[in-house]
Amino acid sequence: MGLSDRIGRIKPSPTLAVSAKSKAMKAQGIDVVSFGAGEPDFDTPQHIKEAAIQAIKDGFTKYTPASGIDELKESVCAKFSRDNGLNFDKSQVVISCGGKHAFYNLAQVLLNPGDEAIIPAPYWVSYPDMVRLAGGTPVIVKTEENNGFKLTPDTLDTVLTDKTKIVVINSPSNPTGAAYTKKELTDLGNVILKYPNAWVISDEIYEKIVYDGYTFVSIANCGEEIRKRTLIIHGVSKTYAMTGWRIGFTVGDAAIIKAVSMLQSQSTSNPTSIAQKAAVAALNGPQDAVSKMVSAFHERRNYTISRLNRMKGVTCLNPQGAFYAFANLNSFLGKGYKDTRLNSGYDLATYLLEEVNVAVIPGDAFGQKGYLRLSFATSMEEIKKGLDRIEEALGKLSS
Ligand SMILES: Cc1ncc(COP(=O)(O)O)c(C=O)c1O
């Protein structure tokens, strides 16, 4: 067909593919319970919508600077100063079309062919492909469940080289919910600092969705030297139930931010003007809607994790953040039902979707075999129904 080599390096996002399949089944009238979504089921808070409506009424509907409006950059600086004790100047902020775009742009401006990006697994599905698109080489580093799926300094030390350009830290993590302590991040930072070419991309998109009194900390809080080497990506999608608005941001080294702004000026131009105004209202306005969503997620997490751990053959770590359960179903691999043998997470997910109409994401998509990711960003009623169905379906499998 004459497509570029570049596009041949990537595959469609498996999470979006599962969501699309379950939506198509729903459209046919099938009662699908979906644990697939990577987005809050809540509506965007009213005052944020009002700000966007006001922007339209005011005619704020033209191009803005490609890197975003000053008002939003100032709100981002205020957020980091207030919430994280980190002081940034506007020249250190660029507004992008979501957190995904923020990572994509960083990969584009940082990576040359042969450069390596260290990605701890299980990882958010899009990191390796965005690295490949940029011509870089993803170096996938396995983490261990018995260590809470966290990267250790010793393991990191074995994979860092002079070719390492990026180290990805995603805390709290999608898909495992692992959230690092300050000590753990400081130890990782000390290893990274031995390699002068390496930048940390700290994906903090789930910062506000944390449980059990976990206090969020950024690797940028772990000393002046590592702060200078850290590029934080963040956004309003998850915190404010604004996934469709497409506003994310990157903060850090001014020269890299300038390069990202230039890239945007020759690619997407500015993120939507109206959505930028909505994001200002989100960051500067009342935060009570956030705590309400987080306490709902907390309750659902407690229910989901305890139900999963009570199912025969299933174990699941308690996520400290984000809204996903990453369940270990290795004991079911090799088992079967009628003529079908289940040999991977993909097989398990297909079995659950076809047999009991439950949509989950196979762990294989995140670089971890034998696991399933269940998003509990859906109503308690759906969660109960879906878990009942999973339990029933797993009960039918035999060796
Ligand atoms: C870890 C992680 N980073 C970034 C994003 C991207 O979010 P956005 O919708 O703002 O592009 C997601 C969304 O699923 C995510 O899980």
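Tutor: Searching the whole structure gives 24 salt bridges, a salt bridge being a side-chain nitrogen of Lys or Arg within 4 Å of a carboxyl oxygen of Asp or Glu. The model is predicted, so local features need pLDDT of at least 70 and side-chain atom pairs count only at pLDDT 80 or more, while totals for chains, interfaces and linings use all residues. Residues are numbered from 1 along each chain as its sequence is written, and side-chain values use heavy atoms, with hydrogens and water left out.

One of the salt bridges joins the side chains of aspartate 31 and lysine 385, at 3.3 Å from N to O. This pair links distant parts of the chain, 354 residues apart: aspartate 31 is in the loop between helix 2 and strand 1 (33-34), and lysine 385 is in helix 14 (residues 380-395). Helices (H or I, at least four residues) and strands (E, at least two) are DSSP runs numbered from the N terminus.

Now the domains. Domain 1 takes residues 5-43 + 289-394, and domain 2 takes 46-284; these bounds come from an automatic or database domain assignment. Their C-alpha centres are 25 Å apart. Where they meet, 37 residues of domain 1 are in contact with 35 residues of domain 2, contact meaning heavy atoms within 4.5 Å.

The size of an interface is often given as the accessible area lost when the parts come together. Between domain 1 and domain 2 the buried area is about 3,100 Å², with 57% of it from carbon and sulfur atoms. On the domain 1 side, Leu317, Gln320 and Phe366 lose the most area to domain 2, together 20% of what that side buries. Buried area here is the accessible area (1.4 Å probe) that two parts lose on being put together, summed over both.

Three salt bridges cross the interface of domain 1 and domain 2. Elsewhere in the list of pairs, the side chains of aspartate 212 and arginine 301 meet in a salt bridge at 2.9 Å, N to O. Between domain 1 and domain 2 there are 17 residue pairs in polar contact, both residues at pLDDT 80 or more. Among the elements of domain 1, helix 2 (14-27), helix 12 (288-310), strand 10 (324-328) and strand 15 (371-375) each supply at least two residues of the side that touches domain 2. Helix 12 gives the largest share of that side, six residues. By type, the residues of that side are 19 nonpolar, 11 polar and seven charged. Ala, Val, Leu, Ile, Met, Phe, Trp, Tyr, Cys and Pro count as nonpolar, Asp, Glu, Lys and Arg as charged, and the others, Gly among them, as polar. A polar contact is a pair of N or O atoms within 3.5 Å; within protein, one must be able to donate a hydrogen and the other to accept it, and residues adjacent in sequence count only if both atoms are side-chain atoms.

Alanine 322 lies in the loop between strand 9 (315-316) and strand 10, and has a positive phi of about 60° although it is not a glycine.
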